[in-house]
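Look over the sequence and the model, then work through the points below.

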Amino acid sequence: MTHVTISIAQALQQACQGIVHTDARILLQYSLGVNHAYILTHPDQALSSAQQQLFFRLVARRMDGEPVAYLIGECDFYDLIFKVTPDVLIPRPETEILVELALMRLSVNYSNRILDLGTGSGAVALTLARHCPQASVVAVDLSPAAVSIARENADNLNINNVFIATGNWFSELSGEKFDLIVSNPPYVAENDPHLNQGDLRFEPRMALTASIDGLSCIRTIIAAASDYLVAGGWLLFEHGYDQAAACRQLLEAAGFAETFSHPDLAGIMRVSGGRL
Ligand SMILES: C[S@@+](CC[C@H](N)C(=O)[O-])C[C@H]1O[C@@H](n2cnc3c(N)ncnc32)[C@H](O)[C@@H]1O
C-alpha cells in the first residue's frame, strides 16, 4: 500500500475525530519521541511511515478505551514521572493530596520512618522519599508484579531511602514502628458499576476493590496501625467519595485522636487520618 505522507497537524486533526485532543497530542509526542513544544512548533513536519503506523495504532487502542498512561508506559505524579504497566494502578491527581497532607506532618530534616501500604507503582512512597531525603521509607504491596515496578521506579528516579517489599499489609513488619503510615488502599465496592467504565476496566482489580462496602482494606489497616506507630504518629489514607464519616468513626473507635477528613479539588472528602 502506498504511504500517504501526513504532517503533525494533519495527524492530530485526524486523531481528534476519535479521541480528545490532549490524548492525541500525548500519543503523537510518544510516537515521535518529542515534547509538547516540538509539536507546537513543527506543525508541518511530515511523519515517517513507521511513526504514522505507531501513532494510529495507539489512537485505535485509545478509542477502545485503553488508558493513555498504559499506552505510553508512564504517568506524571506530583513532580516525578513513574513507569506504569497494567500491573499497577495509574497514580491519580487526588492522591497528590495524600502526599501533601503527609509532607505537612513530616519534618524535612528529621529521619522520619514512613510506611506506605499498597504502594503500587511506588508513587506515594517514592515522592515522600524524594521530598524527605533524611527519612527512611518502607513500601509494601501484595502484588509481586507491582513491587517489581515500584523497585524499577526507585532505580530510575535514583531514590535510595526506600525499601520495597512484597507483603499482606503489615505481615512483614513485625516489631517495626513508624512516625507516619500512609495508604491509598483499594476502596471501591465490588459491585460498583464504575468498575466497568473508563480506565478502571484496564486496571488491576486487586488495586481497586475491597468487599461489598469497599471498606474492608481500610478496616484492616486501621485495626492494626496502632501496633506499628510511635506515640503521636499519624495514619493518613485515601478513601471513596462517601466513606469519610465511616473512616473517622473507625479511626476514633481504634483510639486515634485529631481525626480529620480533607477534600480533593472537587470538594469531595478524599483523605482521612488520625493521630495515635
Ligand atoms: C489503589 S492502589 C494504590 C497504588 C499506589 N499507592 C497509588 O496510589 O497509585 C492499591 C494497592 O494496594 C495493593 N494491595 C491490595 N491488597 C493488598 C494487601 N492485602 N496488602 C498489601 N497491598 C495490597 C494493590 O496491589 C495496589 O497496588
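This is a predicted model: local features need pLDDT of at least 70, side-chain atom pairs count only at pLDDT 80 or more; totals for chains, interfaces and linings use all residues.

**The chain as a whole**

- The protein chain has 276 residues, and 50% of them count as buried.
- Its secondary structure comes to 11 helices and nine strands.
- The C-alpha trace spans about 70 × 40 × 35 Å along its principal axes.

**The ligand and its surroundings**

- Where does the ligand sit? The ligand is in the largest pocket.

- The side chain of Asn168 has an N or O atom 2.8 Å from a nitrogen atom of the ligand.
- Leu142 takes part through its backbone: one of its polar backbone atoms is 3.1 Å from a nitrogen atom of the ligand.
- Thr119 also uses its backbone, with an N or O atom 3.3 Å from a ligand nitrogen.
- Each of these pairs is a polar contact, because a pair of N or O atoms within 3.5 Å counts as one.
- How much of the ligand does the protein bury? Taken alone, the ligand exposes 590 Å², and the protein buries 95% of that.

- Is Trp169 buried or exposed? Its relative accessible area is 15%, so Trp169 is buried; the cut-off for buried is under 20%.

**Positive phi angles**

- Most residues other than glycine have a negative phi.
- Trp169 has a positive phi, near 50°, and is not a glycine.
- Glu258 is not a glycine either, yet its phi is positive, at about 50°.
- Glu258 is found in strand β8, which covers residues 257-263.

**Leu54, a residue in a helix**

- Leu54 belongs to helix α4, residues 49-63.
- Why does Leu54 count as partly exposed? Its relative accessibility is 28%, and partly exposed means between the 20% limit for buried and the 50% limit for exposed.
- Leu54 and Leu32 are 22 residues apart in sequence. In space, their C-alpha atoms are 9.1 Å apart.

Terms used: Residues are numbered from 1 along each chain as its sequence is written. Side-chain values use heavy atoms; hydrogens and water are left out. A polar contact is a pair of N or O atoms within 3.5 Å; within protein, one must be able to donate a hydrogen and the other to accept it, and residues adjacent in sequence count only if both atoms are side-chain atoms. Accessible areas come from the Shrake-Rupley method with a 1.4 Å probe; for residues, only the protein chains shown count as cover. On a 1 Å grid over the protein atoms alone, a cavity is a set of points where a 1.4 Å probe fits but cannot get out, and a pocket is an open set with protein on both sides within 12 Å along at least five of seven lines; lining residues have an atom within 4 Å of a point. A molecule sits in a cavity or pocket if more than half of its atoms lie within 2 Å of its grid points. Helices (H or I, at least four residues) and strands (E, at least two) are DSSP runs, numbered from the N terminus. Buried means under 20% relative accessible area, exposed over 50%, partly exposed in between (1.4 Å probe, protein chains only).
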